[in-house]
Amino acid sequence: MDVLEAIKDRHATRAFDDKAIDDQNLTAIVTDAQRTPSWGNSQPWEVYIATGKSLEQIKSRYAAAAQAGVTEAADLAKAHRGDFSTMANQNMGHWVGTFRPIIEADQTTYWDSRENLYRAPAIAYLVLGQNPNSWSIYDLGAFSQTLSLAATARGVQSLSSYELVKYPDILRQELAVPTDRTIAMGIALGYEKPDKVLNQFRTDRVATQQILHIQH
Ligand SMILES: Cc1cc2nc3c(=O)[nH]c(=O)nc-3n(C[C@H](O)[C@H](O)[C@H](O)COP(=O)(O)O)c2cc1C
């Protein structure tokens, strides 16, 4: 698969099959992601992958925490619509409007997925040092996309999701992440359940002319 095909094929996958991803494939995906450029080649990232028993433990502790109403405390604070630009806010409103009927069409799968970390067989946690600067966060965003595209090219689908990092204390304990690290983002990885309407949903984008400004 070439890079343009991977860009088009990658999509938010929210319901995964049980099938495990072998360690060799996980390692290859992270090695590909390491080709991402970064400020001064600083490569500020680390990756902690939860799979097998450690992921089962995280899933059950996340479900218990959510049920008990534990306050979310992601290392990078949760953003709300009002925190975004007017343009971004409008795009989010449009996305919610297009996604809502998909949720309503199969609420059982949607809630089952939400409550079980999408039933992913592996989650890659992207980790930075303490108080990362804006450029390291920028670089990590690029790393995240390279990782997702590499996964797609290797037949693995993905979902970047805030939901995966909302209880960082649980992740620190289960994955032995040192306390001075920032657990910035989680990417669920796995093989998608193709028959689910949740996975068939494709998002659109604003017209390129709306965001591109070429000056001659
Ligand atoms: C930083 C970030 C956080 C996200 N958090 C969530 C989330 O908490 N729950 C969710 O269902 N999707 C989440 N997503 C997925 C986005 O909703 C999705 O990428 C977007 O709607 C575009 O759709 P696409 O990935 O299929 O192109 C997140 C994506 C990013 C990049």
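Analyst: Buried means under 20% relative accessible area, exposed means over 50%, and partly exposed covers what lies in between (1.4 Å probe, protein chains only). Please keep in mind that this is a predicted model, in which local features need pLDDT of at least 70 and side-chain atom pairs count only at pLDDT 80 or more, while totals for chains, interfaces and linings use all residues. Residues are numbered from 1 along each chain as its sequence is written, and side-chain values use heavy atoms, with hydrogens and water left out.

User: Is tryptophan 95 buried, partly exposed or exposed, and in which helix does it lie together with phenylalanine 99?

Analyst: Tryptophan 95 counts as partly exposed because its relative accessibility is 34%, whereas phenylalanine 99 is buried, with a relative accessible area of 5%. Both belong to helix α4, which covers residues 86-105, and because they are four residues apart there, about one helical turn separates them. Helices (H or I, at least four residues) and strands (E, at least two) are DSSP runs, numbered from the N terminus. Over residues 7-191, the chain is 47% helix and 14% strand, and its end C-alpha atoms are 17 Å apart.

User: How many aromatic pairs does the whole structure hold, and how is the pair of tryptophan 95 and phenylalanine 99 arranged?

Analyst: A pair of aromatic rings is described by the distance of the centres and the angle of the planes. Rings of Phe, Tyr and Trp (its six-membered ring) pair if their centres lie within 6.5 Å, and planes under 30 degrees apart count as stacked, over 60 as edge-to-face, and the rest as tilted. A search of the whole structure finds eight such pairs. In one of them, the ring centres of tryptophan 95 and phenylalanine 99 are 5.2 Å apart with the planes at 25°, so this pair is stacked.

User: What does phenylalanine 99 do with phenylalanine 201, and where does phenylalanine 201 lie?

Analyst: Phenylalanine 99 and phenylalanine 201 also form a stacked pair, with 5.0 Å from centre to centre and 25° between the planes. Phenylalanine 99 sits in helix α4 but phenylalanine 201 in the loop between α8 (197-200) and α9 (208-211), so the pair ties together parts that are 102 residues apart in sequence. Phenylalanine 201 counts as buried because its relative accessibility is 11%. Ring pairs link Trp95, Phe99, Tyr110, Trp111 and Phe201 into a cluster.

User: What is the phi of leucine 117, and where does leucine 117 lie?

Analyst: Most residues other than glycine have a negative phi. Leucine 117, although not a glycine, has a positive phi of about 50°, and lies in the loop between α5 (107-115) and β2 (122-128). Arginine 119 has a phi near 55°, again a positive value in a residue other than glycine, and its place is in the loop between α5 and β2. Leucine 117 is buried because its relative accessible area is 4%, whereas arginine 119, at 35%, is partly exposed.

User: How far apart in sequence and in space are lysine 8 and arginine 205, and how far apart are glutamate 104 and serine 134?

Analyst: Lysine 8 and arginine 205 are 197 residues apart in sequence and 12 Å apart in space, taken C-alpha to C-alpha. Lysine 8 belongs to helix α1 (residues 3-9) and is exposed, with a relative accessible area of 72%. Glutamate 104 and serine 134, by contrast, are 30 residues apart in sequence and 38 Å apart from C-alpha to C-alpha; glutamate 104 lies in helix α4 and is exposed at 51%. Asparagine 199 and methionine 185 are 14 residues apart in sequence and 21 Å apart in space, C-alpha to C-alpha. Asparagine 199 is found in helix α8 and is buried, with a relative accessible area of 2%.
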